[in-house]
Amino acid sequence: MQQVRAVIARSKGAPVEIATINVPDPGPGEAVVKVLTCGVCHTDLHYREGGINDDFPFLLGHEASGIVESVGTEVSDLAPGDFVVLNWRAVCGDCRACRRGEPQYCFSTHNAKQKMTLEDGTELSPALGIGAFAEKTLVAAGQCTKVDPEARPAAVGLLGCGVMAGIGAAINTGAVTRGKSVAVIGCGGVGVAAIAGSALAGASPIIAVDIDAKKLETARALGATHLVDSSVTDPIEEIKRICAETYGGAEGADVVIEAVGRPETWKQAFYARDLAGTVVLVGVPTPDMKIPEIPLIDVFGRGGALKSSWYGDCLPSRDFPMLVDLYRQGRLDLDAFVTEEIGIRDVEAAFERMHHGDVLRSVVIL
């Protein structure tokens, strides 16, 4: 058992605080990781606001890199000293998805069995089974993905959630390839990652849609070929116009990625896609949101596919090392996602900057 500093949320809507927590020694199939960096993600804010569940107190943070400090029994492919990116998809290997060769859809992912606690023994709920706004954290060994130790921790740690979600929404879920047109609605961290993934795959045109001029310029820097300010322009008509100019007869984009998570923007995505096109929902809606009323004949008549993207439909053991290699080769600019590096006491202020759209990612350095 070790005691370390960590960021916790004690109650719904209350500011986060620094607390001393107890981290157990790793049991069978578990690992203790010394956290190096952790990105400040919207999901952590959702936890703090009670938007996910009410299992307070939460140990926040999940978009992290670190060094394996110790492992428990039954761990064979991980050792102390390994540089890892943490993930929240530790696949089971035995569920129906895993047995049919699709572990990226594993229906029985798992976390550490032991609980980290406050000093008085109160059990903590780690965000996405990780809890990495902490000097050390306990995770399932399968949540640790080894990557190139020469990579910058603050950059590659972002693959643990938002950047992977966006890149995967394009390449894995949307099957974006060379010669396809893409539109991305919502250019926060996940949306611009989808743009970067589309550029990596050779898509063209790549149309970025947002109401914030700063976000649109960031999207351009990461690969967007066209910018649409939807506060002054109808995004459906503009996406159709751009695609028709590029490919005669096109009635929209081949793939439209909705990275906002709102009914009205999902409806825009539905009508902005070409015939037989694909809509990918990667923005996270709230439980009360409903699919907007759309005539069923339009669903039938346009063909194609309506998909949601779980964590970019990624398989961490496959995707993380590949993307880190591309980063090391200079082909994927993960550094561009790191707006600022902050301390563990700056998380609450980072939530405020994120809420106002001032950053792609604030990254806590531990």
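How many cavities of 30 Å³ or more does the structure hold? The structure holds 1.

1. Basis. This is a predicted model, in which local features need pLDDT of at least 70, side-chain atom pairs count only at pLDDT 80 or more, and totals for chains, interfaces and linings use all residues. Residues are numbered from 1 along each chain as its sequence is written, and side-chain values use heavy atoms, with hydrogens and water left out.

2. The cavity. The largest cavity has a volume of about 40 Å³. A cavity is a set of points on a 1 Å grid over the protein atoms alone where a 1.4 Å probe fits but cannot get out; lining residues have an atom within 4 Å of a point. The lining is Glu63, Gly162, Val163, Gly189, Val190, Phe337, Leu360 and Arg361. H4 and helix H5 (189-201) each give two or more of these residues. By class, the lining has 4 nonpolar, 2 polar and 2 charged residues.

3. Buried means under 20% relative accessible area, with a 1.4 Å probe and protein chains only.

4. Leaving out residues up to four places away in sequence, Ile257 touches Ala169, Ala170, Val182, Ala183, Val184, Ile185, Ala194, Val280 and Val282. Contact here means heavy atoms within 4.5 Å.

5. A pocket. The second largest pocket holds about 360 Å³ of space. A pocket is an open set of grid points with protein on both sides within 12 Å along at least five of seven lines. Its lining has 19 residues; Asp77, Ala141, Gly142, Cys144 and Ser317 lie nearest the centre. Strand S10 (144-146) and helix H10 (316-328) each give two or more residues. S10 gives the most, with 3. The lining has 8 nonpolar, 7 polar and 4 charged residues.

6. Cysteines. The whole structure has 0 disulfides (cysteine sulfur pairs within 2.5 Å). Cys41 is buried, at 5% relative accessible area. Cys92 is in no disulfide either, with the sulfur of Cys106 3.7 Å away.

Conventions:
Points joined across faces, edges and corners; volume = space filled by probe spheres on them. Helix = DSSP H or I, 4+ residues; strand = E, 2+ residues; numbered from the N terminus. Nonpolar A, V, L, I, M, F, W, Y, C, P; charged D, E, K, R; others polar. Buried < 20%, exposed > 50% of the residue type's maximum accessible area, 1.4 Å probe, protein only.
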